[in-house]
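Q: Can you walk me through this one? I'd like to start with the ligand site.

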Amino acid sequence: MSEMALLPHSKVCVQRRPDMISHELICTARALFADDKGLLAMDESNPTCNKRFAALGIPQTVEARRAYRELIVTTPSLGDCISGVILYDETIHQLKDDGTPFVKVITDAGIIPGIKVDTGAMNMAGYPGEKITEGLDGLRDRLKEYFEMGARFAKWRAVIAIGDGIPSQGCIEANAQALARYAALCQEAGLVPVVEPEVLMEGEHTLGRCCEVTEKVLRTVFDRLYKQRVMLEGMILKPNMVLPGLACPKQETVDEVADATVQCLLRAVPAAVPAIAFLSGGQSGELASARLNAMNARFKLRLPWALAFSFARAIQQPALEIWRGEKANLLPAQRALYHRARCNRAARRGAYDAAMETNGSECNSSGGLPAKSCVSTV
Ligand code: 13P
């Protein structure tokens, strides 16, 4: 936790926006990373969710998406490990089978609802092979509406690809500018912005190249956040881990990834930011937990910010593969979801061990919902 974040609220410089809003933003940001919990991203757009369903033979319908999201938000004890969930526009409007709004189910579980507010990454005109994230038009009104529905934080994802001659300066700057405009609008509306500049894993690039690009992107993003007067104490950074490309012949060890990621972040992320919550980006659940764990085990006491998680696939994928659209698979799927959330909470403490995967599946196959013994050992 940064020293700044530990100052009483009244001592944080808040002259640029009303004290009440600044206070609420700081409280929400702190609550999202209290007790070693983290975020669960369940904000896949309909096309992305449908693609994941199609791969498993699940019908790509509104009802299947609703049933799957109900499975997630009704997972017993989820709030032990998850402080906030990121929803998609369709999901935030949906209800449980019994008519209870998802937002109520989530808040009753002690979890803070969040919302993805970008409208997706599109081809960037004049920049072949690169993307620009859209969604600023009408954003102020949408944020107001989401706040009234109960959301207290938001997310915007920018996508940066590494390849021959890319990323370009133009693409990095355009995405950083959009992230900063989004973040400023969120804070005006009382929503904590989760700022997500994702450097993609796809490609043959080395870990060194990913480190260089990630540092450049983060420096540009923080420059734009500063220019747009975003209060750093009231935001969360959601970056990629520093990783070799998926097709790179050299794949560094867990500890080497942890070292490179922390070094890169220390160079580029101001200490006033309260928390950094990684995306998983297509890593397996086990690897994402192991890498986050190594960062906390090796560096936690020396870092100015909390290192946490905001995973989608690395928490959800095993549960989705078990569920496959079948009601009969609901409980085992929920246990698998809870297990990954629990492993990641342990990783925040530097207390994750690969043995948890077998222990976890033992207690997860007990037939009941998260066994008491699993809950209490986290
Ligand atoms: P993954 O953890 O699957 O990368 O998703 C995180 C996310 O929110 C993507 O925007």
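A: First, a term: a pocket is an open set of grid points with protein on both sides within 12 Å along at least five of seven lines. Keep in mind that this is a predicted model.

Q: Which pocket does the ligand take up?
A: The ligand's space is the largest pocket.

Q: Which polar atom of Lys155 lies by the ligand, side-chain or backbone?
A: A side-chain one, 2.4 Å from a ligand oxygen. Gly281 uses a polar backbone atom, 2.6 Å from an oxygen of the ligand. Ala312 has a backbone N or O atom 2.8 Å from a ligand oxygen.

Q: How much of the ligand's accessible area does the protein cover?
A: On its own the ligand has 300 Å², and the protein covers 93% of that.

Q: New topic. Where is the cis peptide bond?
A: Between Ile166 and Pro167, with omega about 10 degrees. Pro167 is in the loop between β6 (153–160) and α8 (169–189). Most peptide bonds are trans.

Q: What about phi at Arg229?
A: Positive, about 60 degrees, though Arg229 is not a glycine. Arg229 sits in the loop between α9 (207–227) and β8 (236–237).

Q: Is Arg229 buried or exposed?
A: Exposed, because its relative accessibility is 53% and the cut-off is over 50%.

Key: Residues numbered from 1 in each chain as written. Predicted model: local features only at pLDDT ≥ 70, side-chain atom pairs only at ≥ 80, totals over all residues. Heavy atoms only, no water. Helix = DSSP H or I, 4+ residues; strand = E, 2+ residues; numbered from the N terminus. Buried < 20%, exposed > 50% of the residue type's maximum accessible area, 1.4 Å probe, protein only. Polar contact = N/O pair within 3.5 Å; in protein donor to acceptor, adjacent residues only side chain to side chain. Areas by Shrake-Rupley, 256 points an atom, 1.4 Å probe, with all protein chains shown as cover. 1 Å grid on protein atoms, 1.4 Å probe; cavity = no way out; pocket = protein on both sides within 12 Å on 5 of 7 lines; lining within 4 Å. Sits in = over half its atoms within 2 Å of the grid points.
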